[in-house]
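Me: Could you go through some of the terms used for this structure, setting each value against its definition?
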Amino acid sequence: MPSPISKLWKHDYHDIKMDLDRCLTAALAATGRQRPIPVFFRADDVAVPGKRFCKLVDLFSRYEVPLSMSVVPTWLTERRWKSIERLCNKNFKLWCFYQHGWRHMNHEPSGKKQEFGPARPIAEIEHDLVRGRDRLMSLMRDAFFPAFTPPWNRCSKAALTVLRASGCKAISRSQGAAPPALTGMPDFQVNVDLHTRKEQTAALGWKNLYAELASSIGDGFCGIMIHHQRMNENALTFLDGLLEKMLTLNAFCFYHLKNLTEDYHEA
Ligand SMILES: [Zn+2]
């Protein structure tokens with residue numbers, strides 16, 4: 001099933017570089033910052049090394065910017081992992097591969113979608129979380145990092161408790177996610193959504209996207225969420241422009257989830 005492309009990416013764009021420059025420069029000036037602002041890019045729903053995924057890896061490789069990849073365990077096979085490894089091999093330090101659910105399936109009978117929500121018994125949650133981690137560990141070996149993003153960015157407190165008990169070192173959800181993160185297992189949240197935007201018009205999509213970018217800079221931490229399956233050429237051009245601009249402004253420092261977690265535990 002093809003993933004829908006958000007309205008703003010269907011619209012042929014005016015001057016991306018000029019608008020990006022204006023947005024980032026103004027937001028940086030407003031912070032009165034003393035040090036570089038941490039930036040964390042997170043690509044969700046990774047497992048199939050198709051054309052769009054290859055373009056994403058190529059882009060981050062070219063700029064040498066780290067990328068965290070949340071991988072759905074049941075979607076990954078030995079063969080797919082070998083292709084991903086080959087593709088990422090040039091500069092393996094750039095990537096952080098970690099767990100994204102078990103099979104990205106909703107189990108809630110009503111309300112918002114969740115794979116590990118309150119509708120499921122804790123034993124079932126534990127079973128799927130642990131076999132997901134074990135599957136990724138056996139396929140990826142040293143390349144696997146024990147962190148977790150719940151599908152749709154939400155899960156129950158029971159799921160968080162199971163994760164922490166099973167050795168998960170960090171999670172990543174959306175800004176303001178509930179329930180709160182548990183002690184010892186920090187939540188590095190995303191606060192900018194590039195590709196799952198639901199605005200009804202392209203103009204509103206752009207307005208809100210730039211507002212999110214500016215506000216993440218104001219917050220002193222940019223967590224930027226990517227869905228490569230929903231990217232078209234316009235979305236790729238924008239991401240290229242964003243990376244280029246962030247690098248030339250020289251006001252940001254780039255991390256993936258493993259670096260962030262290590263810094264957090266050392267601090
Ligand atoms: Zn997902």
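Me: What makes H2 and H7 count as in contact, and which residues of H2 meet H7?
Reply: Cys 23, Leu 24, Ala 27, Leu 28, Ala 30 and Thr 31 in H2 meet Tyr 210, Leu 213, Ala 214, Ile 217 and Gly 218 in H7, contact being defined as C-beta atoms, placed from the backbone, that lie within 7 Å. The residues of this contact divide into 9 nonpolar, 2 polar and no charged. This is a predicted model, in which local features need pLDDT of at least 70 and side-chain atom pairs count only at pLDDT 80 or more, while totals for chains, interfaces and linings use all residues. Residues are numbered from 1 along each chain as its sequence is written.

Me: Why is H2 called roughly parallel to H7?
Reply: Helix H2 (residues 16-31) and helix H7 (residues 202-219) pack at an angle of about 30°, with their axes 9 Å apart. Angles under 35 degrees count as roughly parallel, and therefore H2 is roughly parallel to H7.

Me: How do you know that Ser 70 is buried?
Reply: Ser 70, which is found in strand E2, has 24 other C-beta atoms within 10 Å; a residue is buried if 20 or more lie within that distance of its own, exposed if 12 or fewer, and partly exposed in between, so Ser 70 is buried.

Me: What makes the buried residues of H9 line one face of the helix?
Reply: In helix H9 (residues 257-266), Leu 257, Lys 258, Leu 260 and Thr 261 are buried. Seen down the axis of H9, these buried residues fall within an arc of 160°, so they line one face, whereas Asp 263 and Glu 266, on the other side of H9, are exposed.

Technical notes: Axes fitted to C-alpha atoms, helices over the stretch in contact; angles between N-to-C directions. Helix = DSSP H or I, 4+ residues; strand = E, 2+ residues; numbered from the N terminus. Parallel < 35°, antiparallel > 145°, perpendicular 65-115°, else oblique. Contact = placed C-beta atoms within 7 Å. Nonpolar A, V, L, I, M, F, W, Y, C, P; charged D, E, K, R; others polar. Arc of directions from axis to C-beta.
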